[in-house]
Amino acid sequence: MTPPLTSTPRTLGRYRVLGEQGRVLVGRGPDGDLVALRLAREADEEFRRVADAAKAMPGVHAAAVVDADASVPWLASVYVVGPSLDEVGPLPEEPFRRLAREAAAGLAEVHGAGLPHGNLTASTVLLTEDGVKVVGFGFADPGHAAADDVAALGSVLASAYGGTALPPIVERCRAEDPAARPTAAQVAAEFTGQAVAWPTEVRELIDRHRADADRLAEPNTKRGKRFILVGALVGVVVLAAGLLWALQPTPDAPAGQDRPATPTQVAELSDSTENANGVAFSPDNRTLAVTSADGAVRLWDTTTHQQVGEPITGLDTGIALPVAFSPDGRTLATGGMVPRLWDVATRQLLGVLKVQDRFAVDGAMALAFSPDGRLLVTAGLGDTRLWNVGTHQPVGPALVRGMLGAAFSPDSRTLAVGGNDGGFLYDAASSQEIGRVAQGDWLFGVAFSPDGRTLATAGGVDSGNAVRLWNTADLKQVGGPMGEGMGGLAFSPDGRTLATIGGNAGNTGSNESVQRWDVASRQQIGDPLGGGTLALAYRPDGTQLAATSGGPSTRLWTLPNDR
C-alpha cells in the first residue's frame, strides 16, 4: 500500500482513507473495520444501479459491497485479506480446481446481479483462508458483455494452471465466438470436489496479508479496548460523542433497590399486526430485537421501551424467524427460509448465507453466534451449517439435518444441536461429532450453562417433553427431569435459574407459558408468566426477561434474582 496522493480525499463518508492499493483506496471505519473504496467517474443513474445491485449480492465468492454514496460518488466493499493470483503463480491440480470453481462462482454472482465485471484479471482474483474472492467488479465500459468476462476468466485460469493438461472448458472460455463460450455458472459446475487446502506458500502469503491488515486496523481496536477498560475501572460515563456510553454495560442496581420481589411485567412491545416470533437482547443490554411474521426486525430500547429507528425489513414472511446479536453487538443474524446478516447501525443487509448456487438450509429454525464471534450456526429441517461470520461462507461439511435448537459452549469450542433423534455435540473447529444425548428423542431446544459444565435440553417423548440436564464432561444425565411439555429454554446469566417455554399459564388456556426453575433444587420458582410463548431471552445482566406473547406483542419482565 502506498500513501494517498495529494488529490485523493482523506475521508469518504465515515471512512478514513489510509492509502492506495492498486486501483482502490484502503479505508478504515470508526469501528476499525477495513474497507476497499472505489471512486466512480460520476454520480449518474448507472452508478446508482450498480451500487444497489452490488449491495444486494450475497458476497460468497465476490467481495460484498457494504456502503455507497452517490454524492461523491464511491463504493465501499469488504476488505479482502489475501494475495491476488498474480502474487501466487501456477497452482497444482487440486488447488487449481478449487480456484477455478470458486472464481467462476464469484463471477456468476456478479452476473447474477445483472452486472458485468469489466476488469477480471489475476490482480482481481484473491485467495483467502476461506476461499476465492473476486473483487473490482461493476464499472465496465459500454458494450462489455458477460461473455467478455468469461473470456477473461479463461485467460486467468490458463495462467494459473500448473498441471499437465489444461481442462477443455478453460479453452472453451477463450473461444473466438462469444456464443460458444460457457457461462460462469457452467464453468463452476465443471470443477466439482472438496475445498482442498491451499499450498503452504499460499497460506504463508495469506498470513502475511492478515498481519498487514491487523496493523492497519490496530489503532481503532486498541482505542476501543481502552475505552471499555476505563469505563469498567472508573464506572463513569464520558459523553464524548456518546461513544463510551454505548460501549458500557448497564450497571447493576444495588441490592434491594429498583428490584421487585417478584417478576413484574414492565412493557408489552408491539408495532405490527403479525405475530412476534423471535427475541434477542444486545450484548450491552440496551436493545431488544424482535422478529415478526411480517418479515421485519424491530429494535426496542430496554429502558424507555420505545422503538429505536426504522425496522429492518426484507425478511421472510409468515414463518418463525429466530434472531441473534453477534457478541460485539454490531451484526444481527436472522433465520427463516433464507438466513441473513444485517448491520445493526445502518440496518443494511450484509450478506445472505448460501452454499454455491442454492440456499443452504430448508428453513433456519435456530441460529447462534459462537461467543468468540467467529462462527454462526444455522439449523432447521435441512442441513445444520457452520458459517464464517466475516466472510459469510460455510465452514466445514454439512452437519446433521432436522434440528430445532442450537447453542455454542461458552468457550466456543463445542456446538450442540437438538432435534430429530436427540442431541448432537460437535467440535466446532473440526466439525467432528464428539457425543450424543437423548438419542432417539425429539428435542426442541438446547442451552449451555454459563460455566459450560451443563447442557440443558427441552423435549423428548420418553420424558414427557421435559427439561433434562447433562454433564458436559461425560454426557450423563444429572438428576431427574423438570416439568412437562417444554419447547424452549435459556439459562440466566449467573446459571442459577433456567427459564423454559411450556406448562400452563394459570387461566390463560395456553400451554406455552414461561416458567422459571431453580437449577440446584429443580423446583419451579413462582407462578408461570404470560402465555402463547414461542421464544424467550434473558437480558445479559439478568435483570429482564423477554418473551413473545402468541400475538403481535412481546412482553418484558423485570426479574428479582435471575442474575
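Predicted model: local features only at pLDDT ≥ 70, side-chain atom pairs only at ≥ 80, totals over all residues.
Residues are numbered from 1 along each chain as its sequence is written, and side-chain values use heavy atoms, with hydrogens and water left out.

**Figure 1. Overview of the protein chain.** The protein chain holds 8 helices and 38 strands (DSSP runs numbered from the N terminus, helices being H or I of at least four residues and strands E of at least two). Of its 563 residues, 52% are buried (buried means under 20% relative accessible area, exposed over 50%, and partly exposed in between, with a 1.4 Å probe and protein chains only). Among contacts with a separation of 6 or more, 50% join residues 24 or more positions apart (a contact means heavy atoms within 4.5 Å). The accessible surface is about 24,500 Å², and carbon and sulfur atoms contribute 51% of that area (Shrake-Rupley method, 1.4 Å probe; for residues, only the protein chains shown count as cover).

Figure 2. An open sheet of 6 strands has the order β1-β2-β3-β4-β6-β5, with antiparallel pairing (two strands pair if DSSP finds at least two bridges between them). The edges are taken by β1 (11–12) and β5, each with a single partner strand, so one side of each has no neighbour in the sheet. Within the sheet, strand β4 (residues 34–39) is joined to β6 by 5 bridges, and Leu37 stands opposite Ala76 in β6. Helix α1 (residues 45–55) has among its buried residues Phe47, Val50 and Ala54. The buried residues of α1 pack against β5 (65–69) and β6 (74–78). The helix lies across both strands and runs at about 155 degrees to β5 (axes are lines fitted to C-alpha atoms, for helices over the stretch in contact, and angles run from 0 to 180 degrees between N-to-C directions).

**Figure 3. Strand β37 between its two partners.** All 5 of the 5 residues of β37 (residues 544–548) are buried, so the strand is largely enclosed by the rest of the structure. Gln544, Ala546 and Thr548 point one way, while Leu545 and Ala547 point the other way. In a regular strand the side chains alternate between the two faces of the sheet. Strand β36 (residues 536–538) runs antiparallel to β37 and is joined to it by 3 bridges, with Tyr538 opposite Leu545. The hairpin of β36 and β37 has 5 residues between the strands, and Gly542 in the turn has a positive phi of about 80 degrees. Strand β38 (residues 554–558) is also antiparallel to β37, through 5 bridges, and Thr558 in β38 stands opposite Gln544.

**Figure 4. The loop between β37 and β38.** The hairpin of these strands has 5 residues between them, and Gly550 takes a positive phi near 95 degrees. Ser549 is placed in this loop and counts as buried, at 12% relative accessibility.

**Figure 5. Salt bridges.** The whole structure contains 19 salt bridges (a side-chain nitrogen of Lys or Arg within 4 Å of a carboxyl oxygen of Asp or Glu). Asp33 pairs with Arg330, their closest N and O atoms being 3.5 Å apart. This pair links distant parts of the chain, 297 residues apart: Asp33 is in the loop between β3 (24–28) and β4, and Arg330 in the loop between β14 (323–325) and β15 (331–334). Asp33 is partly exposed at 37% relative accessibility, and Arg330 is partly exposed at 31%. Asp31, Asp33, Asp328 and Arg330 are linked in a network of salt bridges. In helix α1, Arg49 and Glu46 are 3 residues apart, and therefore separated by about one helical turn; the closest N and O atoms of their salt bridge are 2.9 Å apart. Arg385 forms a salt bridge with Asp383 at 4.0 Å; Arg385 counts as buried at 9% relative accessibility, and Asp383 counts as buried at 11%.
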